[in-house]
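Please keep the sequence and the coordinates at hand.

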Amino acid sequence: MRLNEEMTDLIQTLGAGLLIGCVYGLLGLGIVIIFRASEAFNFAIGEFLVVGSFLFYIFFFDLHLPFLLALPLGLLAAGAMGAIIERLSIKPLLGRSALSMTIITLGLASVLRSSVQLIFGAHSYSFSLELPDTSLEFGSLLFPSERVWAGLLSVVTFGFILFFLFRTRWGVAIRATSESQAKAMAFGIDARFILLMVWALSSMCIAVAGVMISNFGALSFLTGIAGLRAIPVVLIGGMDSIGGALIGGLIVGLCEALVGSYIEPLGLVGFKDVAPYLLLLIVLFIRPYGLFGTVRIERV
Amino acid sequence: MKGRLFIIGIMLLGIVLILPSAASFAKPIKVLAQFPMSGPVGSLPEFGWGFIDGMNYINAKGGVNGQAITYFVEDMRYSPTVEVANFTRYAAAEKRDEFILASGYITGGLKPLIDKVNKEERIPWLDGSYSTEVFGPGGGPSKYPYYYSLGATYGDQMRVLLNWIKEDSKGKGKVAIVYSPTEWGRDPLEVTRAHAKKIGLQIVAEEEYAYTATDATSQVTNIRKAKGDYVIYHGYSAAPTHTAIFMKTARQYLKKATLLGTHYTTGPYMILTCGKAADGMVGVSCRPQGDDLTNPMVKMSHEFADKYKRKDGIKDMFLYMEGLTYALMFHEVLTRADTAKELTREGVKKALDNLVWDYHGVFGGRGFSYKSHTIPMVRTYRCKVEKEVEQAGKKVAVGTWTPISPWINTDIELK
Amino acid sequence: MLSVENLRVVYHDVISILNGVSLKAATGEISVIIGANGAGKTTLLRAISGMLDLYEGDIIEGDITVGNSSIRGLDSTDIIKRYGLTYVMEDRPVFWYLTIEENLAAAAYSRWDGAVKADMEKVFRYFPVLRNLRNQKAGYTSGGEQQMLAIGMSLMTRPKILLFDEPSLGLAPLVTEELFRIIQQLNREGLTVVLVEQNAHAALSIGHHGYVLENGRVVLDGPAVALLDNEDVREFYLGTGAKERRSYQDAKRYKRRKRWL
């Protein structure tokens, strides 16, 4: 079956959108698990992305460790960083309103951004992972290796987190605490430690996404802008839905790709950055809690 | 009575103390230099360092015929509004006969200041912009008598690139242009289109690439659809991340295409941030490469960097050299004006207009007149990225830009 | 033996709920605490189990001891681990979005021994109905099943002392009967129980010792059977005891001075 040119273009666009959508889904997951546990929206997601990527950079590029060693170490470092940040800035607010915690993350974003600039300077760092070539080429369809790896690793990470949350005892404890801190404490689950774990997990997810995104280009403190893509992702998918994060991510990825290929050439350059927000508005009109958010078990 | 005597005594004492230093109260020489040391084009503090080191050196050697130059350096963050605001502030605060030379570094700042600089203040203004509109055939000294550019216009640079493409592709190349949505980015487009038509090359895609972009896939896929095989990237320096993003994406999707760049993308920064993606890139530059120690100006810059202990911080010698060039240039014209006993704005302008100078050997010893208010020397280089080597404990992509053409005087030699 | 001495508890630094409560729960006995709404029963249990922090409450005076050690100010997770004291919160504290089995696993989180599976089996033996529902989300089960689950979860923490906060609230009478039967059985197997209840009759029927809490103070205590017979307890908490029809005037409670001793 010979695909005509338009079909090929469409498949190329959809494929690219899905691949990047997986990365966005992972970013969304990072936000969702914190939101479920602390009810706070982590506005510092962009900065977590950059710090996580820089931590990996140190292990892989500075210390020249092989990728299979550098990645887990980098993720552990990112997790530790998330835990430290939680201890210093979030824990003191335990019991206070979620709004306070959210506002703290705004300040946190500033502090982290400046710290990164102080430590690593303001210039760009070359970032080429040079993983084994997995580019997919069929005729005039081309999915470059970096993108394929990004989609792959994001899905794998997502899977790990799902496994952790639904098949391990810590996962059960996390989900219990996310539902009710008081009940959890009453049954001996140390809610404070659980929150620490959640922030550490979230940081790891975001670090994986960050490494993939940095691999597309270079790494600098500005790379964190990509983190803000997570906002439409979780608002479309539902702020407290894990599955929604993936679906939201894919939707935003597809939206971006389709707009970039078909609407931008009409002259609206840059529209693909705006389009997910427009889509978000539409979705919120129909489902105010996002597509999969706030499914409530109602007692009849 | 005693009180009054006392006050008069103090006054006399004061006058007596001031008198000796009054002799050295010659009119101060004030200049303002603005560089984009931060902002969307990346972090480029080397500009400022080069200028400051140059000024300190000059002043230590006596300045302008014995008098030190009072210099102001500002970071205009690559924003036209900031540049305009800075200049307006200084022009209002300083006296006309003291503040006699200024410089800027953004095409977008030239336009708003046209009237202010050329009609109101009448102060000579050097700029790092190579705007075709201001300095090219449509503008020039007749329209903007006080504007001076330190390089060849972007339009000329594009023409050189197009000529190279024609030769390399034997006339069959399909050209794609990727530009930034700024004055700088859009500047050479018309001239480029006209010239391409003239020499029979096809421009198959023109893609705008915003500096808020996190992703270049749509631009690159469009080029791929249009089957562009020569991609010219213009309007950003190599420092910011989005350049790296574009280069790498282009390299992945356009396997057989040649990437090209204009003046500010041709340099070590490109290799630093893009690594292997920059291999094989062709670029034009109005200056020699920062590691070309056979060039006297380059050599001098390196010596300065050593002397003032900047070596570790400098990522791109070109930027440092540029700042230094500005300082040396300021010194040269101010000295000439002073020697002609006309240390005023008009005097400096005259000095610039009549300047015939070799710029400390920057262009391999050739000297020019500044009559056209541009320095129309351009050279084409090719980038070769060697394997990554260890450098100060880090894995760094090392490469060079080798000249693949002689210095072309775009006024005279460009067809 | 759990002992509370002169406990004063304040919420938000200003609202005084417990004004000097003293009571003892003898080991191996069921101690019942009854009282009207707002008497401070839940606050008392929160204070004992170390959960006051979460509700912005503070113990400003007094002490709580288990055996010879003071547990005042300790964290709830410490108290569960070190002293085997578990608090079954009011209103059926189960995790609605977790399955019954996951609920039990969550309650066992703080334990690192390998007997978790075995303990789950024990819980299913106490409450066979839960076994059939083990993969159901807890939020979809009935009130009675949820209360069973809550007790089962508390058992997973291997408690020695269990605090129950109004377990019969909102349950049908038959279910309540079953519930109290189970509490009695647990007590016979060696668990010390502190039972706070609205259903004073059923509670005092299975209890050994009883306390009446009013306005943050213990106003009466004694063996449970004695309380069952006490006139004022009968009138105010058991709904019986009016000897003859009173005129409306005499029935005005606030006029009648309560003689507690």
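**Chains, contacts and helix packing**

Chain B and chain C are joined by no contact, and their closest C-alpha atoms lie 38 Å apart. The model is a predicted one. Two pairs of chains are in contact, and of these, chains A and B share the most contacts.

Next comes chain A on its own. Chain A contains eleven helices and four strands. The C-alpha trace of chain A spans about 65 × 55 × 35 Å along its principal axes. A compact globule with 300 residues would have a radius of gyration near 19 Å, and the 20 Å of chain A therefore agrees with that value. Of the 300 residues in chain A, 56% are buried; a residue counts as buried if 20 or more other C-beta atoms lie within 10 Å of its own.

The contact between chain C and chain A takes 24 residues from chain C and 18 residues from chain A. On the side of chain C that touches chain A, the elements giving two or more residues are α2 (76-83) and α3 (100-107) of chain C. That side of chain C has 16 nonpolar, five polar and three charged residues.

Two packed helices are described by the angle between their axes and the distance between the axes. Helix α6 (residues 169-179) of chain A packs with α3(C) at an angle of about 95 degrees, and their axes are 9 Å apart. Angles of 65 to 115 degrees count as roughly perpendicular, and α6(A) and α3(C) are therefore roughly perpendicular to each other. On the α6(A) side the contact is made by A:Arg169, A:Val172, A:Ala173 and A:Ala176, and on the α3(C) side by C:Glu102, C:Ala105 and C:Ala106. By class, the residues of the contact of α6(A) with α3(C) are five nonpolar, no polar and two charged.

The axes of helix α14 (residues 317-339) and helix α15 (residues 345-353) of chain B come within 8 Å and cross at roughly 115 degrees. α14(B) and α15(B) are therefore roughly perpendicular to each other, and their crossing is right-handed. B:Val333, B:Leu334, B:Arg336 and B:Ala337 of α14(B) make the contact with B:Gly347, B:Val348, B:Ala351 and B:Leu352 of α15(B). The contact of α14(B) with α15(B) has six nonpolar residues, one polar and one charged.

Conventions
Residues are numbered from 1 along each chain as its sequence is written. Chains are lettered from A and ligands numbered from 1 in the order in which they are written. This is a predicted model: local features need pLDDT of at least 70, side-chain atom pairs count only at pLDDT 80 or more; totals for chains, interfaces and linings use all residues. Axes are lines fitted to C-alpha atoms, for helices over the stretch in contact, and angles run from 0 to 180 degrees between N-to-C directions. Angles under 35 degrees count as roughly parallel, over 145 as roughly antiparallel, 65 to 115 as roughly perpendicular and the rest as oblique. A crossing is left-handed if the near helix is turned anticlockwise from the far one by less than a right angle, and right-handed if clockwise. Two residues are in contact if their C-beta atoms, placed from the backbone, lie within 7 Å. Ala, Val, Leu, Ile, Met, Phe, Trp, Tyr, Cys and Pro count as nonpolar, Asp, Glu, Lys and Arg as charged, and the others, Gly among them, as polar. The radius of gyration is taken over C-alpha atoms; the globule rule is 2.2 Å times the number of residues to the power 0.38. A residue is buried if 20 or more other C-beta atoms lie within 10 Å of its own, exposed if 12 or fewer, and partly exposed in between; C-beta atoms are placed from the backbone.
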